Amino acid sequence: MKLRSLLLRAAAISALLTACTPGGGGGGGGDGKSFEFWSFSAINQKLTVDAYQAKRPDIRIKLTEVGTSTETAQSLTTALAGGKVPDLVLIQGDNLPQFVEQPQNFVDLRTLGADEIKGDYLDWVWKQSVAKDGEVLGIPTDVGGMAVAYRTDLFAAAGLPTDREAVSALWPTWDAFIETGKRYKQATGKAFTDNAATSVFYQAVNQVSEKYHSADRKLVYDTNPQVKAAFDLGIKAATAGITSGQSSFESAWSTGMAQGQYAAVSAPSWMLNSIRSTAPDTKGKWDIAKIPGGSGNWGGSYLAIPKRAKNPQAAWEYVKEMQSPQGQLEHFARVGALPSTPSVYQDSKLTGEKDPFFSGAPTGKIYTDSLLGLKPFYIGPDSAAIGQEFLNAITNVEQSGGNPATAWDDALRNIKTAIGE
Amino acid sequence: MTVTLSPPLDTAPPPPKARKTMGLGERLSAYAYIAPFFLIFGVFGLFPFAFTFYVALFDWNPIGDQVFIGFDNFVRMFGDPRFWNAAGNTVSIWALSTVPQLLLALVLAHVLNHARLRFALFFRMSVLVPYITSVAATAIVFVQLFDRDYGLLNWLLGFVGVEPIDFVQSTWGSHLLIATMVMWRWFGYTTLLYLASLQSVPRSVFEAAAIDGAGPWQRFRHITVPSLRPVIIFTVVTSTIGGLQIFTEPLLIASGAPLTCGAVRQCQTLTLFLYEQGFGQFEFGYGSAVGVALFVMVVVIAAINYLLSTRIKADR
C-alpha cells in the first residue's frame, strides 16, 4: 500500500510539525531516580546498562533500542521537534553535526561538569561535539579506528605474505595498497578488494588534517588538495580493475564476502562485527593489518542529554560512571567498542584482547594504534551529503561505466546541487 | 436478477408524519456515527495535506529555525536536475509496470473466468498471494534473482551467451527490476477486480457467442473487454496514482545507497527524492515542495485519465 505508507509518513511529519517549539521549555521535573535511554539496536548496549544497574540498584533505566544509528537520529529529530524526548540518547558521529548545529536542543554538559572529565578523552574526538559557542553537547562513548581485514588463505594462494606485520608492510601508502591489489589480481584473476568508494576513498579522506571544511569552518571540499588526492586514489583503484564492484552492505557484497570474491576489505573497528555476521563460515581465515597511511578514524558515537529531559542529573551520573576510562575499558571487554579514552590504551585488558575470528589478531592494540596522533578536523552539517556525492561519483565510475576523467567535476556539480551552494 | 433488487412491499417508506417527529439528537446522530472516520482523516489526512503546502513556503529545519522564503523552494526545484531525474524515473517505472500489469491481469481474468477451468477457486486465490506478501520479502527475493554475480536471471542469460548484467547499477535494469516487483505485487489484485466484474456478465452471453461461432479471441475482444470497461478505467486511474508514489521497492533494492536508489540516482523516484530531502537531509520545506509537485502531477494525470475515459464512454 504505497498510498497508505505515504499517508503514514505525512502523519509522522504532521505530528512533528504540530508542536514545533524546538528547545522550548526547560528540563528537569523527573524523580531523579530513573531515566530513559535511547540507543541503537545490535550493539549490546543492554550489557552495559545491566552493569550500571548492578552498581546502582536504586536507579531505574528504561533502555529503548530504537533501530540503526540513522533511525535513532531520525527519531531523535522528531522527538526534539515536539515529542517526548529521552533523558539520554546515543548519537552516531555521522549524524552528530546536524545536532551540534542546533545546540539549543541539548543540555550544555559543561553545566553538569563536563569540563572536569574533558582531559580523559581524545581531544579531536571531544571537539566534534562542541558547538560554536563552546557548548559541549555529547560525551564520546567510542571511536572507530581503522585497519584492513584480509583473508590469509586467499593471500597465501596468491603468493602474498600472510603474517599481519608483513602484510602491513606491503602497503605503507594507498598507492602501495593498489599495487598490491594488482599483484593479487595478476596471480589469481580475482578482485582484491570489495569496492573503491568505501574501501579506498572513504578511508583515505578520513586520514586528512582538513576535510571538507577549513579550520574556520568554511567549505573547502572543492579546493582542498587532500580531498582531491583521496578522490584520485578512489578513481585509481576503481579503474585498476582490482575491485569486485560491490557496494558495502549490499546483498551482493555480503555474498561476495562469504564466497571469498575479494580478499581484503577496509575495516573500521565496527566493521569486524559485520564480517563476523556476514561470513560466519570464514572464521579463522581472516587477519587484520594496518590501514595504509597508518592512522585514521571512522565512526564512533556520543551520548547527549536533550534540553527537555526530565531526569538530566540521573542520566549524567550514568554517563560519568560508564564513560569514564575504566567504564569504557569494561565496555570494550563486553562488546568490543573501542574506548575514546587514551589512558587505557596501554591497559593489558585492551592490548591483550585477541580475536579468534581474525586469527587471534590483537584488535584492541591494532585499532588504538591507528587513533594516536590524529588531528581534529571540523565536520559540518553538510559533510555527510558531500561525502555521499564523492562516493557516488566513484561508484559510478566503478560500477556504472562513468567517465573517470569527468568524475571529479561531476561530483562537485552534484555537491553544489545537494547542499544548495 | 433484478427482481431481488427491488424492495419488498412490506418495507415501504414510512408515512411522512414519522419524519416530523424526529428529534434534533436523532438528526445529528448520523453525523456522530460517521465522525470517527472524519476526525481521524482530518488529523492524519487533511491537516498534514494542507500543512504541506504551508511548510513548502519555508526553509524549515525541524529542530532549528523556520524561515519564510516564499516560492524559493519551487524555483530551486524546477532548476534541480535531481528532481527532473526522479520525475523521469517515476514515469518510466510507472509505464514499465502498469501497462504490462493491466494487460496480464486482463488475460488472466479472462482465463480464470473460463467455465471449464478446474480448481478455479485455487487459481483465483493463488493470484492474490503476491499481494499479501510483504514488499520487503519480495524485494529480497527479486534482488537475488536479478543479482549480478549469483542471480538466477544472469545464470540463465549466460546460457545464451549474454554477459552478466548489473541490473541495480544500470538505469534501465533497475527500472525493469522495480517494474517487475510492482507488477508481481499488483497483478493478482487487478486480476481479481477484473474477475469480479467479469462474473457479473451472464455466462449465457459467452455461451451464446460461442454457439454463434465466436472464437476465444473474439469473445475476449467483444465481450470481456467491453464489459470490463468501467473497471479498466478504475484500475488505470488507481495504478497511475500508485505508480507515481512508488517508494518501497526502490528504497529496498540498492542497499548501498538506499535513499538515492544507487550511486547516480538511477532509480530514485519522486517519493524517494521527497523522503531523501525530508528525512535524509532534514530539509522539510524543500521536501514538502516536492510533495506539492507530486500532488499536482497526480491531479493532472487523474484529470487526463478522467477526460480520456469519458471520451471513450461517449464514443461508444
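Reader: Which residues does F201(A) touch, not counting residues up to four places away in sequence?

Author: Two residues are in contact if their C-beta atoms, placed from the backbone, lie within 7 Å. By that rule F201(A) touches A196(A), A230(A), F231(A), L233(A), G234(A), F390(A), L391(A) and I394(A), with residues up to four places away in sequence left out. This is a predicted model, in which local features need pLDDT of at least 70 and side-chain atom pairs count only at pLDDT 80 or more, while totals for chains, interfaces and linings use all residues. Residues are numbered from 1 along each chain as its sequence is written, and chains are lettered from A and ligands numbered from 1 in the order in which they are written.

Reader: Which residues touch the most other members of the largest nonpolar core?

Author: A nonpolar core is a set of buried Ala, Val, Leu, Ile, Met, Phe, Trp, Tyr and Cys residues joined through C-beta atoms within 7 Å; a residue is buried if 20 or more other C-beta atoms lie within 10 Å of its own, exposed if 12 or fewer, and partly exposed in between. The largest such core has 78 residues, and those touching the most other members are A147(A), A149(A), Y150(A), F201(A), A267(A) and I394(A). Helix α11 (residues 225-239) of chain A gives the most to this core, namely seven residues, where helices (H or I, at least four residues) and strands (E, at least two) are DSSP runs numbered from the N terminus.

Reader: Why does this core lie between domain 1 and domain 2 of chain A?

Author: Domain bounds come from an automatic or database domain assignment. Because domain 1 (27-144 + 299-351) and domain 2 (146-297 + 369-419) of chain A both give residues to this core, it lies between them. A second, separate core of 58 residues includes F142(B), F146(B), L244(B) and A289(B).

Reader: How is strand β3 of chain A paired, and with which strands?

Author: Two strands pair if DSSP finds at least two bridges between them. Strand β1 (residues 34-40) of chain A runs parallel to β3(A) and is joined to it by two bridges, with F37(A) opposite L88(A). Strand β8 (residues 297-304) of chain A pairs with β3(A) in the antiparallel sense over four bridges, and there I91(A) stands opposite Y302(A). Four of the five residues of β3(A) (residues 88-92) are buried, so this strand is largely enclosed by the rest of the structure.

Reader: How many residues does each chain bring to the contact between chain A and chain B?

Author: Chain B brings 38 residues and chain A brings 35 residues. On the side of chain B that touches chain A, the largest share, seven residues, comes from α2(B).
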